[in-house]
Amino acid sequence: MPEIVSAWSGLSPRDSFLLTCSVVSSSRIRYEITSGNIGGAFAVKNMTGAIYVAGALDYETRKRYELRLAASDNLKENYTTVVIHVKDVNDNPPVFERPTYRTQITEEDDRNLPKRVLQYHLTLVASDSLNENETIIVINVKDVNDMPPSFPQQVYERTMDEELAVPFPIMQVVLLVC
């Protein structure tokens, strides 16, 4: 039995022309798919033998179809097998593991970022030729204590009477931390 092999990319639009099977005869020939047309994925023009995509093709669901095609002139009938291989196409969008990613950097980071901003919210978009997806990135800028402590005054003085009870508070010095 003759066999015709064809390959087709997945996600084919309905009614896309696939191939034509023809028989040389002086009689009027009618064509029919007699088996293997799972889910009605294909159709044949009964007068021309043109095979069309009639339903959605999905590589992940079915990679191969083996159609039995009959050709008849109302007196005699002949059969052939048409094998159609569905090729995989990128029909899945990019996927991020999380909707939001968080990280922290210190203000001393030398990437020339503005120093007064304490948090950045970024939207990251991943795209292929057909689909896209996005996620949020949150970057917290951690303040680094890079200023030395300082006293508000250079000199502190206090006069005290002698013979005060011990312990007697003299003064409290406050240190400024920026």
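Visitor: Leaving aside neighbours within four places in sequence, which residues is Glu-77 in contact with?
Guide: Glu-77 touches Ala-70, Ala-71 and Ser-72, where contact means heavy atoms within 4.5 Å. This is a predicted model, in which local features need pLDDT of at least 70, side-chain atom pairs count only at pLDDT 80 or more, and totals for chains, interfaces and linings use all residues. Residues are numbered from 1 along each chain as its sequence is written, and side-chain values use heavy atoms, with hydrogens and water left out.

Visitor: Where is Glu-77 found?
Guide: In strand β7. Strands (E, at least two residues) and helices (H or I, at least four) are DSSP runs numbered from the N terminus.

Visitor: What is the relative accessibility of Glu-77?
Guide: The value is 47%, so Glu-77 counts as partly exposed. The classes are buried under 20% relative accessible area, exposed over 50%, and partly exposed in between, with a 1.4 Å probe and protein chains only.

Visitor: How far apart are Glu-77 and Ile-29?
Guide: They are 48 residues apart in sequence and 9.3 Å apart in space, C-alpha to C-alpha.

Visitor: What about the loop between β6 and β7, which residue lies there?
Guide: Asn-74 is one of the residues in that loop. Asn-74 is not a glycine, yet its phi is positive, about 75°. At 69% relative accessibility, Asn-74 counts as exposed.

Visitor: Change of topic. How many helices and strands are in the protein?
Guide: Zero helices and ten strands.

Visitor: How much of the protein is buried?
Guide: Of the 178 residues, 23% count as buried.

Visitor: Which residues have the most contacts inside the largest nonpolar core?
Guide: Phe-42, Leu-57, Tyr-65, Leu-67 and Leu-69, in a core of 16 residues. Two or more core residues come from each of β3 (30–35), β4 (42–44), β5 (50–53), β6 (64–72) and β7 (77–87). Strand β6 gives the largest share, four residues. A nonpolar core here is a set of buried Ala, Val, Leu, Ile, Met, Phe, Trp, Tyr and Cys residues joined through side-chain atoms within 4.5 Å.

Visitor: And which residues form a nonpolar patch on the surface?
Guide: Phe-151, Met-160, Leu-164, Phe-168, Ile-170, Met-171, Val-173 and Leu-175, with about 680 Å² of accessible area together. Patch residues have over 30% relative accessible area and no salt bridge; nonpolar side chains (Val, Leu, Ile, Met, Phe, Trp, Tyr) are joined within 5 Å, like charges within 9 Å. Areas come from the Shrake-Rupley method with a 1.4 Å probe, and for residues only the protein chains shown count as cover.

Visitor: Where does Leu-164 lie?
Guide: In the segment after β10 (132–142). Leu-164 is partly exposed, at 32% relative accessible area.

Visitor: How many salt bridges does the count come to?
Guide: One, taking a side-chain nitrogen of Lys or Arg within 4 Å of a carboxyl oxygen of Asp or Glu. Glu-66 pairs with Arg-64, the closest N and O atoms being 2.9 Å apart. Glu-66 is partly exposed at 39% relative accessibility, and Arg-64 is partly exposed at 39%.

Visitor: Where is confidence lowest, and where highest?
Guide: It is lowest in strand β1 (residues 3–9), with a mean of 45, and highest in β3, at 93. The protein averages 78, and 76% of the residues score at least 70.

Visitor: Over which residues does pLDDT stay under 50?
Guide: Residues 1–12, for which the model has 46 contacts beyond four places in sequence. Where pLDDT is low, the predicted coordinates should not be read in detail.

Note on methods: pLDDT = per-residue confidence, 0-100.
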